[in-house]
Amino acid sequence: MHGENLAHMIRRLRIAKRWSQQRLAVEICRAVGVPVDSLTRGDIYRYEKGKRTPRDWLPALAIALGVPLEEFEAALATPSVAPQTVDDFLPEGEPLAPLKTKQGKRVGMGDVEGLAGRIHGLRLADDVLAGGDLIGPALRELRSAVKLYRESTHTEEIGNALLCQIGELAQIAGFIAADAGRRDEAQRIYQLGLSAAKQANAETLVGNLAGSLAYMWSNNGEAAKAVQLATVGLTDGAPPKARALTLDRLAWAHTQAHEPQPAMRALAQAREALDQNDGEESPPYLYWVSHDELTVMESRVYTELHKPLRAVPTLQRVLSRYDVTRTRELALYSSWLAIAYADANEPEESAATAARVIAMSGDIASERITERIRTVVERLQEFSSVREVREVLEAVT
């Protein structure tokens, strides 16, 4: 590509071959007949980040990647301002590097399938339980999975399968940690998952993890950074459900960044992507993505943009048929309905909805619900002279 710098060129060519950074390091060494540990995955990582320049390795890079040396030399002369990628949001390091000496058992596909089953069980548990109830089991499972990958012996195929499961586990564990109010820990977990998914070249999973981390940032006052991450997490080849979910989270990031027009465009693109899902198989972790969930996000965006005439009827409609066993989501989504009623100058309806939210949330160990109740109570203060509102306010003070 004309004007492409060396860091971006190396990464683009590696991904085109579907090689991991470790695989590229080995192929470079083989190209010039030196020991395969002469370069490491960390070296390739730093080359692709523009933190180190592989001047002495350019001929070997050209051979390994099948590109004329002149193209690498031209890229070397181009200023190293690489396009923003998911890598830019990851800390430097190799948290998933296998141990040099492995003494653990040899694992196979049965171990991977067992881990996948436990991860899906954790997802299903999260549908009906809150972060505070699940954080312990989630973290234990994640530590166990990383230990299994690092300390066991396995084929490259099994290793990549384990990395994908670690990525999936990190996504749900990160969500659970964020729901429990442990945001710093959630960020570390998400970034671990991103490292695993990228190492396995699982682009759809990378997008899901990037969108999950961006969603947390959106809710934590870091909307501008969330927009950037959700944008680079979009992949054209992702299944329709995966693309719809990432666009959904991008819309929310734009909303929190006070960018209404980009938010509405992203919502429309999400709806279009989901409409294309005509039976195409999606990863199991996207089982919950549906038109109703997309409608809820649209309504939340309308509420945040102070468009109650759009928000109220759509929220009423989708909540009337929502799964009653998913109490946390019902309470969370109803909190936006309470705000939308207040924006529509319907304080009695807002108070009644707020009372239902508070009643549903009594024994749910979710920091997100606690924050939403606080937001609703603050919004109701404007109508404290209304008897129904006053009763709700008195009940929570």
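Select helix 9 (residues 183-199) and helix 10 (residues 203-218): their axes come within 9 Å and cross at roughly 165°. Angles over 145 degrees count as roughly antiparallel, so helix 9 is roughly antiparallel to helix 10. This is a predicted model. The crossing of the helix 9 and helix 10 pair is left-handed.

Now show side chains. On the helix 9 side, pick Arg183, Ala186, Gln187, Tyr190, Gln191, Gly193, Leu194, Ala197 and Lys198. They meet Leu205, Val206, Leu209, Ala210, Ser212, Leu213, Met216 and Trp217 of helix 10. Colour by class: this contact of helix 9 with helix 10 has 11 nonpolar, 4 polar and 2 charged residues.

From helix 7, select Leu139, Leu142, Val146 and Tyr149; from helix 9, select Glu185, Ile189, Leu192 and Gln199. Those residues make the contact. By class, the contact of helix 7 with helix 9 has 6 nonpolar, 1 polar and 1 charged.

How many cavities of 30 Å³ or more does a search of the whole structure find? The search finds 2. Go to the second largest cavity, which holds about 50 Å³ of space. Select its lining: Thr204, Gly207, Asn208, Gly233, Leu234, Thr235, Ala238, Ala242, Arg243 and Thr246. Helix 10 returns here: helix 10 and helix 12 (240-256) each supply at least two residues of that lining. Colour by class again: the lining of the second largest cavity has 3 nonpolar, 6 polar and 1 charged.

Methods:
Residues numbered from 1 in each chain as written. Predicted model: local features only at pLDDT ≥ 70, side-chain atom pairs only at ≥ 80, totals over all residues. Heavy atoms only, no water. Axes fitted to C-alpha atoms, helices over the stretch in contact; angles between N-to-C directions. Helix = DSSP H or I, 4+ residues; strand = E, 2+ residues; numbered from the N terminus. Parallel < 35°, antiparallel > 145°, perpendicular 65-115°, else oblique. Left-handed = near helix turned anticlockwise from the far one by under 90°. Contact = heavy atoms within 4.5 Å. Nonpolar A, V, L, I, M, F, W, Y, C, P; charged D, E, K, R; others polar. 1 Å grid on protein atoms, 1.4 Å probe; cavity = no way out; pocket = protein on both sides within 12 Å on 5 of 7 lines; lining within 4 Å. Points joined across faces, edges and corners; volume = space filled by probe spheres on them.
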